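Biologist: Hi! I have a new model open on my screen and could use a guide. Can we walk through it together?

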Amino acid sequence: MLLCGPSGSGKSLLAARSGLPVLRLDDFYKEGDDPTLPLVAGSSDIDWDHPDSWDADTAIAAIVDLCRTGRTKIPVYDISLSARTGEESVEVGRTPLFIAEGIFAAEIVTRCRDLGVLADALCLSRGPVRTFRRRFLRDLREGRKSVPFLLRRGWRLMRAERSIVARQTALGAHACDKDEALGRLASAAAGRRPAAASASQG
């Protein structure tokens, strides 16, 4: 199950509430010294909201491992340092479903479907102003980046939120609020395919 949505839309909280195993796709960010990192247009800021700041191939390999063997190893990523600080093992056991959540989850919908490891893909949306507030307070509390950076990023993302949701739905995710998302998660966990669902497990 892929769960995407704008940064701050409540993906991690919803995934935790579902009771299902969770794979954090944020752990697959590239490191801050990677020369392929994209920049915000007209700025020296790294664009951490661009798909090129993320290692899709390694994330997909981890998803496939979990679907086929029930375990995998993933990097441990510290967002405040923009660096991988270690590695950890993730196990989902025999559960038929787990959630892979992150802002770039929609980028891998087609590849996961083609590999036969997609149960459903959801895009959580709560509205630009509410998302801005949740994102800023979370990032400030966790010390993710400097306050000026958080404000610049937050303002940019608030203005772009509708286009972000539109892109993610165009990539194959179903836009919904948290109540519908929890309902579709419960249906998938029970083996019932939502009307717009895709393939098998994961």
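Predicted model: local features only at pLDDT ≥ 70, side-chain atom pairs only at ≥ 80, totals over all residues.

Biologist: Which residues does G8 touch?
Modeller: Setting aside residues up to four places away in sequence, G8 touches T131, R134, R135 and R138.

Biologist: What separates the C-alpha atoms of G8 and D179?
Modeller: Those two C-alpha atoms are separated by 17 Å. Along the chain, G8 and D179 are 171 residues apart.

Biologist: Okay, pockets next. What volume does the largest pocket have?
Modeller: The largest pocket has a volume of about 580 Å³. Its lining is made of 28 residues, and S7, D26, I79, R138 and R144 lie nearest the centre.

Biologist: How many of the lining residues are charged?
Modeller: The lining of the largest pocket has 13 charged residues, along with eight nonpolar and seven polar ones.

Biologist: What about the second largest pocket, which residues lie nearest its centre?
Modeller: Nearest its centre are D49, H50, P51, L157 and I164, out of 17 lining residues. The volume of the second largest pocket is about 310 Å³. Its lining divides into seven nonpolar, five polar and five charged residues.

Biologist: Changing topic: which residues touch the most other members in the largest nonpolar core?
Modeller: L2, L23, L25, F28 and I63 do, in a core of 36 residues. The elements giving two or more residues to this core are β1 (2–4), α2 (56–69), β3, α3 (109–114), β6 (121–124) and α5. α2 gives the most, with seven residues.

Biologist: Let's zoom in on L2. What does L2 touch?
Modeller: Not counting residues up to four places away in sequence, L2 touches I63, A100, A105, I108, V109, C112, L118, D120, A121 and L122. There is also a second, separate core of 14 residues, and L122 is included in that one, as are M1, L97 and L124.

Biologist: Now T72. Which strand is T72 in?
Modeller: T72 is in strand β3, which covers residues 71–78. With a relative accessible area of 8%, T72 is buried.

Biologist: What does the side chain of T72 make a polar contact with?
Modeller: Its partner is the side chain of D65, at 3.3 Å. Leaving aside neighbours within four places in sequence, the residues in contact with T72 are A62, D65, L66, E88, S89 and V90.

Biologist: One last stop: what is phi of S82 near?
Modeller: Phi of S82 is near 50°, a positive value in a residue other than glycine.

Biologist: Where is the place of S82, and is S82 buried or exposed?
Modeller: S82 lies in the loop between β3 and β4 (83–91). The relative accessible area of S82 is 11%, so S82 is buried.

How values were computed: Residues numbered from 1 in each chain as written. Heavy atoms only, no water. 1 Å grid on protein atoms, 1.4 Å probe; cavity = no way out; pocket = protein on both sides within 12 Å on 5 of 7 lines; lining within 4 Å. Points joined across faces, edges and corners; volume = space filled by probe spheres on them. Nonpolar A, V, L, I, M, F, W, Y, C, P; charged D, E, K, R; others polar. Helix = DSSP H or I, 4+ residues; strand = E, 2+ residues; numbered from the N terminus. Buried < 20%, exposed > 50% of the residue type's maximum accessible area, 1.4 Å probe, protein only. Polar contact = N/O pair within 3.5 Å; in protein donor to acceptor, adjacent residues only side chain to side chain. Contact = heavy atoms within 4.5 Å. Core = buried A, V, L, I, M, F, W, Y, C linked by side-chain atoms within 4.5 Å.
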